[in-house]
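Subject: A structure for you to look at

Dear colleague,

I am handing over a structure with this message, and below it you will find what came out of looking through it. Please keep it open beside the text while you read.

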Amino acid sequence: MCAVQATANGGLFVGVNEPADPNNLSDLEKKHLPVLEAPDEVTAGECFEVRVEVGKLLEHPNEHKHHVQFVDLYADDTFLARTDFTAVKTCPKTTFCLALHEPVQELRAYEHCNMHGTWVYRKPINVTG
Ligand SMILES: [Fe+2]
């Protein structure tokens, strides 16, 4: 039988982590936020690039015992793509090419660290045309 235990730290690293105050980030938040760069506005159906980098604000370790495992890209709640990383041999940076055909509120990048769980970064985007 398996037992479910409450976490002593109140759930940090268990759910999806998001900074409480984006204007006052802790070092832990700076290391883990998957900074997403994309145009503020795109034309429906036209391809554009989205770049995601973990450690852009403060370098994240890239060791076998502690590393970034993957980055997922979503448009609102819709999964679009994933990049998997190999510890030491790859750097947690990736570029996606996508075309949005319908209006969305935001792009989201989810980053997963093997020690510190999942972190999300959100960027509003306007789809025109
Ligand atoms: Fe980490």
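Leaving aside its neighbours within four places in sequence, Leu36 is in contact with Val50, Val52, Leu107, Ala109, Tyr121 and Lys123, where contact means that the C-beta atoms of two residues, placed from the backbone, lie within 7 Å. Before going further, please note that this is a predicted model, in which local features need pLDDT of at least 70 and side-chain atom pairs count only at pLDDT 80 or more, while totals for chains, interfaces and linings use all residues. Residues are numbered from 1 along each chain as its sequence is written.

Leu36 also belongs to the residues with the most contacts inside the largest nonpolar core, together with Val50, Val52, Leu73, Leu107 and Ala109, and this core has 19 residues. Such a core is a set of buried Ala, Val, Leu, Ile, Met, Phe, Trp, Tyr and Cys residues joined through C-beta atoms within 7 Å, and a residue is buried if 20 or more other C-beta atoms lie within 10 Å of its own, with C-beta atoms placed from the backbone. At least two residues of the core come from each of strand E4 (48-54), strand E5 (68-75), strand E8 (106-113) and strand E9 (117-124), and E5 gives the most, with four residues. Strands (E, at least two residues) and helices (H or I, at least four) are DSSP runs, numbered from the N terminus.

Turning to the sheet, three strands form an open, antiparallel arrangement in the order E2-E4-E7, where two strands pair if DSSP finds at least two bridges between them. Strand E2 (34-37) and strand E7 (93-98) are the edge strands, each pairing on one side only. E2 and E4 are joined over four bridges in the antiparallel sense, and there Val35 stands opposite Glu53 in E4. E4 and E7, also antiparallel, pair over six bridges; Phe48 stands opposite Leu98 in E7, and the bridge partner of Glu49 is Cys97 in E7.

For the protein chain as a whole, the secondary structure comes to one helix and 10 strands, following the pattern β-α-β-β-β-β-β-β-β-β-β along the sequence. Of its 129 residues, 25% are buried, and among the contacts with a separation of 6 or more, 62% are between residues 24 or more positions apart. The C-alpha atoms fill a box of roughly 50 × 35 × 30 Å, taken along the principal axes.

With best wishes

Technical notes: A residue is buried if 20 or more other C-beta atoms lie within 10 Å of its own, exposed if 12 or fewer, and partly exposed in between; C-beta atoms are placed from the backbone.
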